Amino acid sequence: MALTGLFLCFFLIIHLLGNLQLLLPKEEAQLQYNLYSHFLSGNILIKIVSYVLYASILLHTIDAIYLSTKAKKASGETYVKDKRNRASKWYSRQMMLLGTIVFAFLVIHFKDFWYPYKFGSIETDINGNKDLYSLVVVSFQELWYVILYAVAILALGFHLLHGFFSAFRSVGLYHPYYTKIVKTIGIGFAVLMTFGYLIIPFYIFLKL
Amino acid sequence: MKIYLKIWRQKNKDTKGQLEDHTLDNVSAEMSFLEMLDMLNLKLAKSGERPVEFDHDCREGICGQCGVMINGIAHGPLKNTTTCQLHMRSFKDGDTIYIEPFKAKAFPVIRDLKVDRTGFDDIIAAGGYVSVNTGQAPEANSIPVTHNEAEAAFDSAACIGCGACVATCKNASAALFTSAKISQFTHLPQGKKESAKRTVDMVNRMEELDFGHCTNTEACQIECPQDISVLNIAKMNFEYNKAKLKK
Ligand code: HEM
Ligand code: FES
């Protein structure tokens, strides 16, 4: 769980950096982004990383389902009066729900961008690269689509708010000082990822 | 003061339980929570009804027998306090108090508020000991242990095994208990030797039993009467992963 989660976190950084190119001025962004996408799809190293990514998502999800069923079985009968919530953060208890939202989003995300790019026939730009840029920009003209993204990214943000530090604990980081630092970094990471990924659809919706 | 009780009654682990209403007059604020239950039981006994069964032993917060859910919180509203050390001054005249047993698959109800915590004993039996006879208490300075290590071992050893961590955890995980019982040895030279085997054995035993898996919500430490640190769990994960990697 921790290892796949941390790999996904690492991927989020790279994925965000790549996609921030969408924020460049239109003419520049279009050609550069399409070239970048073309480069990624041709690179053998990226190919290997992408298979690790697919495997991570699958293993993480399977582990998530396993943990949740185990928790459900272990919990036994429910309390009539239950005030246990005071002792923990809601998002730490709702990792499965948040993860499920992220998963549902990933399905849509793959279907809308990954699948057409890999297997569909889409237009090319003047350099002859597949015009993923226009596909993305057109998608984000719809308000409901932007809202869908916002919801998913907020879910991801809260998932990370708990997940990041939790992963380090699961691996075995127990030093009181460094665990504090990791917790702070985790908050920073979650906030950065949330805003980073939120900017893109909103910027395109409002500006382009 | 007048106290309304909604108290869990259950014949045995095979029957279904439910809440039963009782009212107590003249409860004094100086009474401990268990004395209030004694008062209820005296009343029940006098009227020929079956008294409410609940676990308790020392009544001074050190044995870990007395855990129940009070108004939905393990050991009640006060932080770092066992049920027996909770007093009725924490409640007001006219309050309704819900009292339920700790509920988890691994802690089947024996009767009423009494649960079977044999699972904890099983985890200890899997490795919570030092397997050489250490004899009499040795001369204090013959095995050097730094002050900080001694304190850390003692902090972990402060776990009274009450089960509040399991009852509080949304996963019903026994990670806090198990990790405290592992850490208390790992800090000391006598226990360090077998640390890898002990950790793997105890964690594996915990996994086999009906406990869930820790996901670091950290609720356990908040409701632990002894404030056992969740960093024990991280240390257990570290020892476990290290032992597995070495193999
Ligand atoms: C980009 C996607 C995702 C990232 C970056 C991510 C990251 C993480 C991280 C770092 C953890 C902590 C691991 C640990 O405590 O050892 C975690 C835990 C978890 N994740 Fe995800 N995750 C993602 C997607 C998902 C999905 C799709 C699901 C479910 C369908 C999911 C469900 C869970 C659950 C149930 C936990 C366990 C809670 C815990 O251990 O704290 N996650 N995730
Ligand atoms: S009865 Fe011993 S700790 Fe409460």
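In which helix of chain A is the place of A:Ile200?

1. **Ground rules.** This is a predicted model, where local features need pLDDT of at least 70, side-chain atom pairs count only at pLDDT 80 or more, and totals for chains, interfaces and linings use all residues. Residues are numbered from 1 along each chain as its sequence is written, chains are lettered from A and ligands numbered from 1 in the order in which they are written, and side-chain values use heavy atoms, with hydrogens and water left out.

2. **A:Ile200.** A:Ile200 sits in helix α8 (residues 176–207) of chain A. Helices here are DSSP runs (H or I, at least four residues), numbered from the N terminus. A:Ile200 is buried at 6% relative accessibility. Buried means under 20% relative accessible area (1.4 Å probe, protein chains only), exposed over 50%, and partly exposed in between. Leaving aside neighbours within four places in sequence, A:Ile200 is in contact with A:Leu16, A:Asn19, A:Leu20, A:Leu22, A:Leu23 and A:Phe140. Contact means heavy atoms within 4.5 Å.

3. **The iron site.** A:His60 (NE2) and A:His159 (NE2) coordinate the iron atom of ligand 1 at 2.0 Å. Donors are N, O and S atoms within 2.8 Å of the metal (3.2 Å for Na, K and Ca); water is not among the atoms, so sites may look incomplete. The site has six donor atoms, with angles of 86 to 179°, and is octahedral. Six donors count as octahedral if opposite donors are over 155 degrees apart and all others between 65 and 115. A:His60 lies in helix α3 (residues 44–75) and A:His159 in helix α7 (residues 143–171) of chain A, so the pair ties together parts 99 residues apart in sequence. A:His60 is buried at 16%. A:His159 is buried at 15%.

4. **A kinked helix.** Helix α5 (residues 95–118) of chain A has a kink of about 40°, centred on A:Phe110. The bend at a residue is the angle between axes fitted to the seven residues ending there and the seven starting there. Its buried residues include A:Phe105, A:His109 and A:Phe113. The buried residues of α5(A) pack against α1 (2–19), α2 (26–42), α4 (90–93), α6 (132–139) and α7 of chain A.

5. **The chain B core.** The largest nonpolar core has 41 residues. Such a core is a set of buried Ala, Val, Leu, Ile, Met, Phe, Trp, Tyr and Cys residues joined through side-chain atoms within 4.5 Å. B:Phe120 is among the residues that touch the most other members. The largest share, five residues, comes from α5(B).

Methods: Helices (H or I, at least four residues) and strands (E, at least two) are DSSP runs, numbered from the N terminus. Four donors count as tetrahedral if all angles lie between 85 and 135 degrees; four count as square planar and six as octahedral if opposite donors are over 155 degrees apart and all others between 65 and 115; anything else is irregular.
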